[in-house]
Amino acid sequence: MSEEETQTGCPVSRRSSWTSRFGTWLFLVKPEPLRKYPNVLNVNTNHLCVTGSHDSMSFCLDMSSPVLRSEPWLLRIMDRLFPCLTRPCIYRWSTTQLGIRYLDLRIARKPAGGSSLFFAHGIYTLTCVKEALEELALWLDAHPKEVIIISCSHFESLTDEDHVQLVDFILSLFSKKLCLSQDTPTLRSCWSGGQQVILSYDDLQMECQHRQLWPKIPYWYADSPDPKKVITYLEEKKRKGRPGSFYVSGLNLTEDALYILLHPLQNLRTMTMEALSPLLRWTAEQRPGPGVGGVNIIGCDFVGFSRFCSIVIGLNFKLLKAAARTSSGSQLPPG
């Protein structure tokens, strides 16, 4: 692997080793620090701080595929007329990462793609959904104390039959690894029960039919390229109170057509890295927990290129300090 491939997980070919890339990304957040403090293991996972990756799996986009049907009509027309111009531009502003801990999987059916489903961000990926999930399951087998959160959403152009087949595949693949949606999992309960996957599926019909599927996980994001606006937006959301279960505070920036025209030499990665310092400072000031202002999953782009992971994981030890003040550190409340 080249240095770039090692950092981003982008393959030389479609048949590269998926398992090694999952190891490169997911194991960046090692659970050992939490194991040293067993009281943390009793905290509800939706009250812990969890690292999250925005638009997971959009690290190997298919330049030969058309833009998504959900994209603006003008962009779709431009793509039909001048694909040699539109697709490189979309590639620059849509390529992100493989994923870490919380996986934001946006699933779509590719035109003329047969029965396979793919991930999508502006355009479709080279990697199909089943291939990625199968390798993820192998990685979980090799790391039995890793717990991840998978959020399946968008489902562009999927039919009812596609949903049925995808859910059947997921339930068969992860089987007993899935945490039931009526449970309130802690790390300790997950470890003792062999459960490793909390799977959100943003389709109400499928969710109601299968108790292994969790409801949609809210994702707060400012839809702005300005980090100051992102922070202001997240602070306003926090003041209104956090959701009762899992939710994501998104640090990811969002460009628009005007921003792209005014910044012809930038791409999504350079925009993100230039704005990351104030976003990480804001992150370091947060605290986990069930009360107003408590953060849970914190999502970001290009999570492997900064101190993002260590900062987010470190927030969990604020729970220990709070517990020490109230109960001499003997036991943390489950939430």
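Tutor: Contact means heavy atoms within 4.5 Å. With that in hand, we may read this predicted model.

Student: What share of the contacts in the protein chain with a separation of 6 or more comes from residues 24 or more positions apart?

Tutor: Such residues account for 76% of those contacts. As for secondary structure, the protein chain holds 14 helices and 12 strands. Of its 335 residues, 52% are buried.

Student: Which strand pairs with β1 over four bridges, and in which sense, parallel or antiparallel?

Tutor: The partner is strand β12, residues 297-300, and the sense is parallel. Within this pairing, Gly52 has Gly299 as its bridge partner. Strand β1 is also joined to strand β2, residues 102-109, by two bridges, and these strands too run parallel. Here Ser53 is bridged to Leu103.

Student: At roughly what angle do the axes of helix α6 and helix α7 cross?

Tutor: Helix α6 spans residues 129-142 and helix α7 spans residues 160-174; their axes come within 10 Å and cross at roughly 15°. Because angles under 35 degrees count as roughly parallel, α6 is described as roughly parallel to α7. The crossing is right-handed.

Student: Which residues meet where α6 and α7 are in contact?

Tutor: From α6 come Val129, Lys130, Leu133, Glu134, Leu136, Ala137 and Leu140. From α7 come Leu166, Phe169, Ile170, Leu173 and Phe174. The residues of this contact divide into 10 nonpolar, no polar and two charged.

Student: Let us take a single residue. Why does Thr125 count as buried?

Tutor: A residue is called buried when its relative accessible area is under 20%. Thr125 has 0% relative accessibility, and therefore counts as buried. This residue belongs to strand β4, residues 123-128.

Key
Residues numbered from 1 in each chain as written. Predicted model: local features only at pLDDT ≥ 70, side-chain atom pairs only at ≥ 80, totals over all residues. Heavy atoms only, no water. Pairing = 2+ DSSP bridges. Axes fitted to C-alpha atoms, helices over the stretch in contact; angles between N-to-C directions. Parallel < 35°, antiparallel > 145°, perpendicular 65-115°, else oblique. Left-handed = near helix turned anticlockwise from the far one by under 90°. Nonpolar A, V, L, I, M, F, W, Y, C, P; charged D, E, K, R; others polar. Buried < 20%, exposed > 50% of the residue type's maximum accessible area, 1.4 Å probe, protein only.
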